[in-house]
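This report describes one protein model for a reader who has not seen it before. Please look at the sequence and the structure first.

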Amino acid sequence: MAIRQLSETLINQIAAGEVIERPASAAKELIENALDAGATRIEIATAGGGKALLRVSDNGSGMDAADLDLAVRRHCTSKLSETLEDIRTLGFRGEALPSIGSVARLSIASRRRDSAGGHEIAVNAGKVAHLRPAAANPGTIVEVRDLFFATPARLKFLKTEKAEAGAITEIVKRMAIAFPAVRFVLSGSDRTTLEFPATGDDHLARMAQVLGKDFRDNAIALDAVREEISLTGFAGVPTFNRGNSAHQYAFVNGRPVQDKLILSAIRGAYAETIPSGRHPVAVLSITLDPALVDVNVHPAKSDVRFRDPGLVRGLIVGAIREALARDGSRAATTGASDMLRSFRPGFQPYAQRPQTPWSADTSPSRPYQPANGFGERPQASFDGLSMPTARAEPPFSPQPAAAETASPETTGRYPLGAARAQIHANYIVAQTEDGLVIVDQHAAHERLVFEAMRKALHSKRLASQVLLIPEIVDIPEEDCDRLMQHAGELSELGLAIERFGPGAIAVRETPAMLGEVDAHGLIRQLADEIAEWDTASGLSAKLEYVAATMACHGSVRSGRRLRPEEMNALLREMEVTPGSGQCNHGRPTYIELKLSDIERLFGRS
């Protein structure tokens, strides 16, 4: 079969298959062009999920007649010099407009700010019309109609109009977070208008617009630098989580990306703090020398490749964990909102409530005794994080029970306040300076025990068990080389390995904490992890999982009645322990209710 040169239209349609996968891809390319043009206001209008109409208007620098004529030709761009090692713009390929024009009806009207008039050009299924003068405001208006009409087969693979419209919304949200100084408006016949007013340099305010106002109250600031790579942004407290990872946003040199390395690092940073099936909320911005990252990996430019992926992953994990240790112990503010809502449905006035018999703890034989004050008692220590043995005594009824006085000066000394009662032998009620806190005693102490064990894990070399007969694991030679580079790190975790020929590893010791270990499976898993991420954190994660399980079984059980000094000792220990706002399974350990919320329940505010 003879080789022949493809037509320009067919070449553009092939390129469109890579660059323009769906209407959201076209929206992303057009918004990037507007941002590169210095726009401060971008308006996006859609119809039919972007398939019938996609219009992007901006107030950027605009184009003159010569630029407009070149803009619809392949590999014509103003954003790239002679090298790919210093890319500082969102677009650089020069493929987006000709690719869109080859599969749709494209029109572009543009005018420079210093020009008396504008010009317009149209492309219909790859056929470029003559350039003509047009009335236009400074900036550019790009209109795409009947997307993929020239390639009907592609239309069959698109989702419903609602799903495609949702994908465009997600693109606009990502761009809005990356560029808070730009005003974005998304409208159309297939949606309600969505507007993000410019917030200038206040990135958190823009994040609150996109992620909801609750994010502002539950976000922890990130600011870390490692070897000229900086990480900024915000990470949500662990108890502020979602059912999917759609609320995780990552940016590299201002470019929105969906990189699996970054997403994996976020998961690793929140390990043992979030329930299974839940996902943290985070916005990360990585800034580094453009020569250290390759953004030319895929035509869609959503993937990037770092020169040192291990360094980037370590920076993300370390920064988030440091932030959580510093400020992540607080409970999410949404817990109080959920609690308040639980009071309202089904509320009945007292006279209309069904009368129930007295329970054992509230019977007339044990009447409620109001306190005239709370005498000072010495607080109990944990003695290695184990609670004192419970005394044989009557059930601790919901009466004032703290070892502190009820004065604001006393309750204000501690963030979690002073214990006032234990209800249902599981929940501690504490009074703070401006509200109350309800603590799940089992979940809270479970976290305290786990953090103590985790600290022990990282403070010295872990105990190991020597194998009577070393396990020989056959793996590819390149995997052996990678494993031996991390041999010292693995040894600190109790795993002693040696090279055993060109394609085998001898396992001589395994962590005693893991008990009986499948050495072959462990080595292969570590080899795969190192090959992908250049890190051997999997073993550390396994050890922490075992520690979490041991902590769960070794902590104060639900149903255990605590003395006042024991409850206060638990509260004081929580205040100084990182991550105490959630248990090892990610559930909240306490919920805080402000006095203003309580007053609102009773109609006092």
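In which order do the 3 strands of the open sheet lie? The order is β22-β24-β23, with antiparallel pairing; strands pair if DSSP finds at least two bridges between them. The model is predicted, so local features need pLDDT of at least 70 and side-chain atom pairs 80 or more, while totals for chains, interfaces and linings use all residues. Residues are numbered from 1 along each chain as its sequence is written, and side-chain values use heavy atoms, without hydrogens or water.

The edge strands β22 and β23 each pair on one side only. From one strand to the next, the twist averages 20°. Between β22 and β24, which run antiparallel, there are 7 bridges. Ile472 stands opposite Ala506 in β24. Helix α14 packs on the sheet and touches β23 and β24; the directions of α14 and β23 make about 135°, where angles run from 0 to 180 degrees between N-to-C directions and axes are lines fitted to C-alpha atoms, for helices over the stretch in contact.

Helices (H or I, at least four residues) and strands (E, at least two) are DSSP runs, numbered from the N terminus.

| Element | Residues |
|---|---|
| strand β22 | residues 464–474 |
| strand β23 | residues 496–499 |
| strand β24 | residues 504–511 |
| helix α14 | residues 477–485 |

The pLDDT, the predictor's confidence in each residue from 0 to 100, averages 80 for the protein. Among its elements, helix α12 has the lowest mean pLDDT (49) and strand β1 the highest (97).

Technical notes
Contact = heavy atoms within 4.5 Å.
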